[in-house]
Amino acid sequence: MTTPSSLSASSQDLLPADLSMGTVMLKVGDMKLMLDYYQRALGLVPISESLGGVYLGRKGLPIIHLSPAAGLQIPGRGEAGLFHTAILFENRSDLAATVATAAQYDPRLFAGSADHLVSEAFYFTDPEGNGVELYFDKPRSTWEWHGDQVVMDSLPLPPRGFLQANLTEEAVTFQTESGAGVGHVHLQVGDVPTAHRFYVDTLGFEQTAGWHGQALFVAAGKYHHHMSLIVWNSRGAGPRKDTLGLGEVLIHLPGDDDLLAAADRLKSAGVATEHTGLELRFEDPWRNRIRLAVER
């Protein structure tokens, strides 16, 4: 029989290896414009509606929740909040199809591309300034680790060459029927040490990489990263105001015990939480809102 005293430190102090990133909720000023972008540019499909908001995704899996928030302002570039939502595709052809439709929608919203060694990524900005990454993971067997730190880089990835090599008529035709989901989320924060204390020491992610004191990459289960906390634009930022942009990041946990363990860690650290028994809501030191929920 397993008792609390015989549990491993990792099961008590770490988030479970098989967690998954869930829906990212965005507070939206112009619902018509944003719905048009996420459907036509990114090929997401409305799945359900709730209190005026719309969940969009692929194959019944919600990825983005657009929630109307007319009257709020777009946050300043240097404020804490969302840097980007990263949508993960199952293969290069499906990624290429959505890169193509996003580029055709409005070329001015394209923000760059990179080979990160563990993945291939393309970056866009939605009409209200929220970052979007579209990416494909290379096989885990090709990822290089130095101890517990994964090797990542930002190498050139020419978009035209990628599309020529991977775009197929079939992938474009069946774009909305292909699978995709939230792979990771980057948040803007005020400083990396505070982010480490919250996301690693308290919440229970493991650090998988750093970036010259400017970024902290964290994950569970030896993924390259489920979240990144960055200060590239926001060094020194204080708590967020109520603005457009990030509303909430959802993280799915596999079991009730995982949720209880996270709640205990947050409580011990003095973090205020809302715990319904089925899910746990709280804010990081910059008022970025996180929700943990057990998959049912």
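Arginine 108 is exposed, with a relative accessible area of 73%, where exposed means over 50%, buried means under 20%, and partly exposed lies in between, using a 1.4 Å probe and protein chains only. Its partner in a salt bridge is aspartate 106, with 3.0 Å between the closest N and O atoms, and by a salt bridge I mean a side-chain nitrogen of Lys or Arg within 4 Å of a carboxyl oxygen of Asp or Glu. Aspartate 106, in turn, counts as buried, at 15% relative accessibility.

Before I go on, please keep in mind that this is a predicted model, in which local features need pLDDT of at least 70 and side-chain atom pairs count only at pLDDT 80 or more, while totals for chains, interfaces and linings use all residues. Residues are numbered from 1 along each chain as its sequence is written, and side-chain values use heavy atoms, with hydrogens and water left out.

How many salt bridges does the structure hold? There are 13, and side chains of opposite charge can pair when their charged atoms come close. One of these salt bridges joins glutamate 248 and arginine 281, at 2.8 Å from N to O. Glutamate 248 lies in strand S15 (residues 245-253) and arginine 281 in strand S17 (residues 279-283), so this pair ties together parts that are 33 residues apart in sequence; strands here are DSSP runs of E with at least two residues, helices are runs of H or I with at least four, and both are numbered from the N terminus. Glutamate 248 is buried at 8%, whereas arginine 281 is partly exposed at 23%.

Another salt bridge connects glutamate 279 with arginine 291, whose closest N and O atoms are 3.0 Å apart. Glutamate 279 sits in strand S17 and arginine 291 in strand S18 (residues 289-294), 12 residues apart, and both residues are buried. Salt bridges with shared partners join a network that includes Glu248, Glu279, Arg281 and Arg291.

Let me turn to the sheet. It is open, has 8 strands in the order S2-S3-S4-S1-S15-S18-S17-S16, and shows mixed pairing, where two strands pair if DSSP finds at least two bridges between them. Strand S2 (45-50) and strand S16 (273-275) stand at the edges with a single partner strand each, so one side of each has no neighbour in the sheet.

What packs on the sheet? Helix H7 (residues 256-268) does, touching S15, S16, S17 and S18, with contact meaning heavy atoms within 4.5 Å. The direction of H7 makes about 30 degrees with that of S17, the axes being lines fitted to C-alpha atoms, for helices over the stretch in contact, and angles running from 0 to 180 degrees between N-to-C directions.
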